[in-house]
Amino acid sequence: QGRPRVVVVGGGAGGATAARYIARDSKGAVDVTLVEPTRAYYSCFFSNLYIGGFRDYASIGHSYGALAANHGINVVHDWAVSVDRDKRSVGLAGGGSLSYDRLVLSPGIDFKDGSVPGWDLSQQNRMPHAYKAGSQTQLLKAQVEAMAQGGVYCMVAPPNPFRCPPGPYERISMVAHVLKETNPTAKILIVDPKAKFSKQGLFEDGWQRLYPGMIERIGPDFGGDKVEVRPASMEVVIDGEVNKVDVCNVIPAQQAGRIAAAAGITNDAGWAPVVAHTMQSRADENIHVLGDASHQGDMPKSGFSANSQAKVCAMAVRGALTGSKVYPARFSNTCWSLIGTDDGVKVGASYEATDEKIAKTDGFISKTGESAEVRKATYEESLGWYAAISDDIFS
Amino acid sequence: WSADAERGRALYAECKRCHQVGDGAAHRIGPHLNDIFGRPAGSLDSFRYSPAMKAAGAGGLVWTGAALDRFLAAPRATVPRSRMSYAGMKDGSDRADLLAWLRLSSGGGPDRPPAQPTVTPEEYGLDPQLLTIRGDPDYGAYLAGECTTCHRPDGGEEGIPSITGWPHDDFVIALQAYKRGKRVHPAMQLVAGRLSDEEIAALAAHFRRAGDQP
Ligand SMILES: Cc1cc2nc3c(=O)[nH]c(=O)nc-3n(C[C@H](O)[C@H](O)[C@H](O)COP(=O)(O)OP(=O)(O)OC[C@H]3O[C@@H](n4cnc5c(N)ncnc54)[C@H](O)[C@@H]3O)c2cc1C
């Protein structure tokens with residue numbers, strides 16, 4: 001009998017971490033294949049800082065070379081298109097298939113068709129989402145920079161649940177930062193189907209201090225949940241009222257990456273329910289689901305969370321395939337957001353596995369009115385975190 | 001002692017939690033600083049430096065007074081990716097005073113004072129018994145997954161300090177201080193708050209061992 005085989009689909013925050021930890025800690029006892037179509041991973045985390053001019057594009061890109069060289073991971077650049085759960089094999093778009101003893105799915109998100117009337121993927125150049133990083137992020141940044149003086153940037157924010165709860169609002173901060181410098185009479189309009197959002201008090205306090213009068217948010221009480229877009233004429237219709245805008249950033253409703261549904265392990269809402277102790281799919285114990293695609297309980301969909309879940313998964317997979325010791329699962333998350341220059345805030349929590357879900361045990365959040373030194377230190381922490389987590393995923 | 005050196009002794013408080021200097025000084029989080037003047041950077045075989053510090057020494061960096069002055073003003077601008085997590089002493093006259101005291105305490109002369117401990121459990125009101133618990137480094141290796149999301153294994157980044165290769169006691173005292181709210185930092189208090197005393201000892205053993213690997 002050969003070595004046990006693990007196939008990991010998706011080389012992002014969850015999948016690449018899981019592949020790395022399984023290969024590294026099993027010291028060659030497990031055969032690990034990572035399936036990922038792109039040759040360079042551009043992280044969504046810190047992509048807003050790139051839009052704001054605080055990072056360059058190259059600094060948010062990562063390659064898979066070290067995973068192959070340092071840990072012997074077989075990196076296959078292809079799409080997984082099907083999962084045969086009885087035969088335990090994954091079909092690839094390029095034609096071949098890969099058999100597995102354990103399958104790890106970490107495909108991130110896909111958008112829900114029709115969630116914003118008038119928008120579909122064919123319109124993503126006129127109205128970018130920039131919610132999968134890479135060319136979309138570059139496009140949105142270019143559109144912001146090319147906006148006419150006094151123009152309007154509109155964001156159609158997503159309904160819950162979605163990846164990175166503070167992400168849209170950090171993006172607003174970064175766009176405002178750019179416009180304040182280059183286009184101070186421009187306006188920002190947020191059309192939001194949610195009554196509340198993550199770190200709301202911190203963001204609104206920051207917007208008031210740094211970008212007074214620039215940002216307007218229309219919540220569901222004023223029709224933020226009744227929106228339609230017209231990409232051809234660059235119009236946003238809010239509760240029947242037509243608004244002409246210059247840039248329109250549409251972040252649609254989300255669900256697990258399509259391969260999870262293709263594997264038949266998603267719920268009605270489109271996410272894949274998992275067992276908290278091991279991140280195993282509730283529908284198939286040979287499949288683990290990580291990160292944004294999973295329906296796990298209290299953790300926000302973040303890169304930090306995906307990385308944390310991947311370590312629990314890696315331990316469970318090694319335990320099952322090689323008999324290595326399994327310790328109780330524990331998870332944590334911290335999300336930093338940048339509001340303006342040296343003005344960082346954070347929210348964090350710790351979690352444990354219960355039979356029902358990943359349950360929050362404790363947490364903290366930055367406060368309004370913190371000193372400039374505290375905010376700067378928080379921003380600097382986020383730089384240290386980005387460097388560390390990048391190593392923890394890709395080195 | 002000159003007045004300057006006396007002021008420098010107080011300023012050394014910023015270094016004391018990582019470095020020992022004087023009679024009986026040993027390596028702690030950082031290398032001992034005895035005979036530092038004229039010493040090539042990264043040159044003590046008994047201390048595990050970062051690759052960056054070793055390379056700086058191999059490239060000819062010698063700790064003259066001027067080199068120390070430049071390094072201490074902005075450590076990572078002088079030695080990028082050094083494991084010394086210290087932001088720098090910005091004021092030039094502070095540095096001059098500090099170096100005056102360092103010259104006195106690091107040389108072999110009769111004035112050399114005895115080395116001071118880097119940290120004691122009493123400073124944080126901790127029970128010294130906590131330092132006697134021995135941890136399982138393999139369990140620590142698993143628990144460390146939670147740490148390496150923020151702390152690079154090789155240390156060496158602004159914003160989040162290096163924690164590899166630390167002496168057992170210094171590591172345990174730091175984590176116990178966060179756990180018990182004697183050191184204040186929301187993320188670290190959250191992380192340490194749910195670690196048991198045995199788990200803290202296990203992490204100390206793991207990160208100590210991780211520091212020995214090249
Ligand atoms: C603007 C923005 C800002 C953010 N900021 C932060 C932050 O500051 N901190 C933080 O922790 N998180 C942040 N996030 C969230 C973070 O990016 C995600 O939560 C994280 O990337 C989730 O990891 P994942 O592994 O689930 O998915 P991803 O990282 O998206 O990885 C999925 C991978 O799977 C691949 N894939 C998909 N389908 C297939 C298939 N069929 N076959 C093969 N491969 C496939 C994709 O190409 C992709 O590389 C942010 C997100 C956004 C959009």
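**Close-up 1. A:Ala130 in the loop between strand 10 and helix 4 of chain A.** In this predicted model, A:Ala130 sits in the loop that runs between strand 10 (109–111) and helix 4 (135–145) of chain A; helices (H or I, at least four residues) and strands (E, at least two) are DSSP runs, numbered from the N terminus. Its phi is positive, about 50°, although A:Ala130 is not a glycine. The residue is buried, with a relative accessible area of 1%; buried means under 20%, exposed over 50%, and partly exposed in between (1.4 Å probe, protein chains only). Residues are numbered from 1 along each chain as its sequence is written, while chains are lettered from A and ligands numbered from 1 in the order in which they are written. Local features need pLDDT of at least 70 and side-chain atom pairs count only at pLDDT 80 or more, whereas totals for chains, interfaces and linings use all residues; side-chain values use heavy atoms, with hydrogens and water left out.

**Close-up 2. The loop between strand 11 and helix 5 of chain A, with A:Pro161 and A:Cys164.** A:Pro161 belongs to the loop that links strand 11 (152–156) to helix 5 (167–182) of chain A. The peptide bond joining A:Asn160 and A:Pro161 is cis, with omega about -15°. A:Cys164 also has its place in the loop between strand 11 and helix 5. Phi of A:Cys164 is positive, near 55°, in a residue other than glycine. Is A:Cys164 buried or partly exposed? With 27% relative accessibility, A:Cys164 counts as partly exposed.

**Close-up 3. The shell around the ligand.** There are 34 residues around the ligand, and A:Glu36, A:Tyr41, A:Ser106, A:Arg163 and A:Asp292 come nearest; a residue is counted if one of its heavy atoms lies within 4 Å of the ligand. By class, the shell divides into 17 nonpolar, 11 polar and six charged residues. Here Ala, Val, Leu, Ile, Met, Phe, Trp, Tyr, Cys and Pro count as nonpolar, Asp, Glu, Lys and Arg as charged, and the others, Gly among them, as polar. At least two shell residues each are supplied by helix 1 (13–26), helix 2 (47–51) and helix 8 (303–322) of chain A. Helix 8 of chain A gives the largest share, three residues.

**Close-up 4. Polar atoms facing the ligand.** A polar side-chain atom of A:Glu36 is 2.6 Å from an oxygen atom of the ligand, and one of A:Asp292 is 2.7 Å from an oxygen atom of the ligand. From A:Ala13 a polar backbone atom lies 3.3 Å from a ligand oxygen. The ligand taken alone exposes 990 Å², of which the protein buries 94%; accessible areas come from the Shrake-Rupley method with a 1.4 Å probe.

**Close-up 5. The buried face of helix 6 of chain A.** Helix 6 covers residues 200–210, and its buried residues are A:Gln200, A:Leu202, A:Phe203, A:Gly206 and A:Trp207. Seen down the axis of helix 6, these buried residues fall within an arc of 165°, so they line one face of the helix. The arc is that of the directions from the helix axis to the C-beta atoms.

**Close-up 6. Aromatic pairs.** The count over all chains is 25 aromatic pairs; rings of Phe, Tyr and Trp (its six-membered ring) pair if their centres lie within 6.5 Å, with planes under 30 degrees apart counted as stacked, over 60 as edge-to-face and the rest as tilted. The rings of A:Phe45 and A:Trp385 have centres 5.8 Å apart and planes at 50°, so this pair is tilted. The pair links distant parts of the chain, 340 residues apart: A:Phe45 lies in the loop between strand 3 (40–42) and helix 2, and A:Trp385 in helix 9 (residues 372–394) of chain A. Both A:Phe45 and A:Trp385 are buried. A:Tyr169 and A:Phe197 form a stacked pair, 3.8 Å centre to centre with 15° between the planes. This pair also links distant parts of the chain, 28 residues apart, with A:Tyr169 in helix 5 and A:Phe197 in the loop between strand 12 (187–191) and helix 6 of chain A. A:Tyr169 and A:Phe197 are buried. One aromatic cluster is formed by A:Phe45, A:Phe46, A:Phe304, A:Trp336, A:Trp385 and A:Tyr386.

**Close-up 7. A:Arg330 and its contact with chain B.** A:Arg330 is part of strand 23 (residues 330–340) of chain A, and at 16% relative accessibility A:Arg330 counts as buried. Its side chain makes a polar contact of 2.6 Å with the side chain of B:Glu199. A polar contact is a pair of N or O atoms within 3.5 Å; within protein, one must be able to donate a hydrogen and the other to accept it, and residues adjacent in sequence count only if both atoms are side-chain atoms.
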